[in-house]
Amino acid sequence: MAIETHFPLAIYIEDLPDAQNHQSKLLEAVWALESEEAQKRNFEGRAWTGDIHGVGQVHQDPRFAWLVGQVEQHTQQYLRELGLALEGVDLYIQRAWPVISRFGEEVGPHSHLTAHVSAVYYVSVPYSGSDESGCLVFLNDSRQNEVSPGLGLENTELFTEWNGLNQDQAAYAPTEGRLIIFPAKQRHAVATNETDDARVSVSFDILLTAKPGAASYEFLAPPPAMWKAFSESPCQPVPE
Ligand SMILES: [Fe+2]
């Protein structure tokens, strides 16, 4: 007998070798950014995420320049591994924001549907490499092998074992200095930080567009330089 598996989800992992040298400056910048935004918008039990607190453009902030360079380099490597011809593609960081998760805080299931590739870098992690500080969990929505819908739900108790063929999620323990890159559309969540210290990470959303003159406009957005913003709308609201 043979069972072969196909269609793997590709998660890129790199432990950045000089992470230690940049940790304190990155942390200093993240704490400063959080303190500058006084109004707390996240719900109780949810991590502080910069993108909903007006801190969604740290890729433009010189304090994050080293990290931005690493994300650019490794995203290209990731896409090359996926077989992409980068010669026909331009890459943009669209958004980048810090995430601070304190005791009891999590990030609910979501995907980054306005981007193509997403990345997360762990700046500071209590008990680095352990599950306690909140795993990044990728959720298997395709469930190719779930032969009857719902079989894999927890309350069915119909599986004798969880293995690679019925796996409904993949969890990565947060690890200091680690960069993880994945398809932005892949649904994921972040488990609760069960430790007393804060976990600090930075998330990135990356977009692909066609290079000028490329023949791929049907499948990629044309270069942003070719776009035209709407003129001011001629249809003014009717005064009350
Ligand atoms: Fe996310």
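**Figure 1. Arg102 and its salt bridge to Glu34 in the predicted model.** Arg102 has a relative accessible area of 32% and is therefore classed as partly exposed. Its partner in the salt bridge is Glu34, and the closest N and O atoms of the two residues are 3.0 Å apart. Arg102 belongs to the loop between strand S3 (89–101) and S4, whereas Glu34 belongs to helix H1 (residues 19–36), so the contact ties together parts that are 68 residues apart in sequence. Glu34, with a relative accessible area of 16%, is buried. Side chains of opposite charge can pair when their charged atoms come close.

**Figure 2. Further salt bridges of the structure, which holds 10 of them.** Asp61 forms a salt bridge with Arg63, with 2.8 Å between the closest N and O atoms. Arg63 is partly exposed at a relative accessible area of 40%, while Asp61 counts as buried at 14% relative accessibility. Another salt bridge joins the side chains of Arg143 and Glu146, at 2.9 Å from N to O. Here Arg143 is partly exposed, its relative accessible area being 26%, and Glu146 is buried, with a value of 19%. Asp51, Arg95 and Asp205 are linked in a network of salt bridges.

**Figure 3. Protein donors of the iron ion.** The NE2 atoms of His110, His112 and His188 are the protein donors, and they lie 2.1 to 2.2 Å from the iron ion. Along the sequence, the donor residues follow the spacing H-x1-H-x75-H. His112, in the loop between S4 and strand S5 (117–124), and His188, in strand S9, form a pair that links distant parts of the chain, 76 residues apart. His112 counts as buried because its relative accessibility of 8% falls under the 20% limit. His188 is likewise buried, with a relative accessible area of 3%.

**Figure 4. The open sheet of four strands.** The strands are arranged in the order S4-S9-S6-S7, with antiparallel pairing. Strand S4 (107–110) and strand S7 (169–172) are the edge strands, each pairing on one side only. On average, neighbouring strands of this sheet are turned by 15° against each other, direction ignored. Strands of a sheet pair through backbone hydrogen bonds, either parallel or antiparallel. S4 and strand S9 (residues 188–190) run antiparallel and are joined by two bridges. Within this region, Val107 stands opposite Val190 in S9.

**Figure 5. A nonpolar patch on the surface.** The patch is formed by Met1, Ile3 and Leu165, which together have about 390 Å² of accessible area. Leu165 is located in the loop between strand S6 (136–139) and S7. The relative accessible area of Leu165 is 34%, so this residue is partly exposed.

Figure 6. Taken along the principal axes, the C-alpha atoms fill a box of roughly 65 × 55 × 45 Å. Of the 240 residues in the protein, 41% are buried.

Note on methods. Residues numbered from 1 in each chain as written. Predicted model: local features only at pLDDT ≥ 70, side-chain atom pairs only at ≥ 80, totals over all residues. Heavy atoms only, no water. Pairing = 2+ DSSP bridges. Axes fitted to C-alpha atoms, helices over the stretch in contact; angles between N-to-C directions. Patch = residues over 30% accessible without salt bridge, like charges linked within 9 Å, V, L, I, M, F, W, Y side chains within 5 Å. Areas by Shrake-Rupley, 256 points an atom, 1.4 Å probe, with all protein chains shown as cover. Salt bridge = Lys/Arg side-chain N within 4 Å of Asp/Glu carboxyl O. Buried < 20%, exposed > 50% of the residue type's maximum accessible area, 1.4 Å probe, protein only. Donors = N, O, S within 2.8 Å, 3.2 Å for Na, K, Ca; no water.
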